[in-house]
Amino acid sequence: MMSLSIASPSGVTFTSKMNLSKSSFHGIQIPKIMQARAVNAPPHSCSSLVVKMAKREEELKEIRTKTTEELQEEIVDLKGELFMLRLQRSARNEFKSSEFLRMRKRIARMLTVKREREVEEGINKRISRKLDRKWKKSIVPRPPPSLKKLREEEAAEEAKESAS
């Protein structure tokens, strides 16, 4: 415990004892404030981390079972879905913000697996970049699966209305 004394121009001195954080700055020292955990909040358990890691490992196994062409197709689809989410955000529509992170991480995992396969084949980084540019130019623009599904649902509703 250290004591803090502050002198004012009027000559009154205030002295207090409190836990102070040590710093290299010798001016004003601010006491450390411990954040109290909410009484009803469950403690962070290791089991939740294990479950998350297990899901990630399961997803990686699923990705590794796919062929490179299937991976490329899914990457294009996920990037289209990501674009649709950005459009929804810009139009201020309702969407799950957690989907951004989930899709970006899934895309990154797929690209990582794709690169691992290239390394196994002996393709160096420079050639890999050239192949990626060539692949990106060969992509035919198409609507993402969610937009296709939405259009199919709308067509089905219109068919029902016209049949009635």
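The model is predicted. Helix 3 also packs against helix 2, and that pair is roughly antiparallel.

**Helix 3 with helix 4**
- On the helix 3 side, the contact is made by Lys114, Arg115 and Glu118.
- Helix 4 contributes Lys125, Ser128, Asp132 and Trp135.
- By class, the contact of helix 3 with helix 4 has one nonpolar, one polar and five charged residues.

**Helix 2 with helix 3**
- Helix 2 (residues 68-90) and helix 3 (residues 98-121) have axes that come within 10 Å.
- Their axes cross at roughly 155 degrees, and angles over 145 count as roughly antiparallel, so the two helices are roughly antiparallel to each other.
- Helix 2 passes helix 3 in a left-handed crossing.
- From helix 2, the contact takes in Thr68, Leu71, Gln72, Glu74, Ile75, Leu78, Lys79, Glu81, Leu82, Leu85, Arg86 and Arg89.
- From helix 3, the contact residues are Glu99, Phe100, Met103, Arg104, Arg106, Ile107, Met110, Leu111, Val113, Lys114 and Arg117.
- The contact of helix 2 with helix 3 divides into eleven nonpolar, two polar and ten charged residues.

Terms used: Residues numbered from 1 in each chain as written. Predicted model: local features only at pLDDT ≥ 70, side-chain atom pairs only at ≥ 80, totals over all residues. Heavy atoms only, no water. Axes fitted to C-alpha atoms, helices over the stretch in contact; angles between N-to-C directions. Helix = DSSP H or I, 4+ residues; strand = E, 2+ residues; numbered from the N terminus. Parallel < 35°, antiparallel > 145°, perpendicular 65-115°, else oblique. Left-handed = near helix turned anticlockwise from the far one by under 90°. Contact = heavy atoms within 4.5 Å. Nonpolar A, V, L, I, M, F, W, Y, C, P; charged D, E, K, R; others polar.
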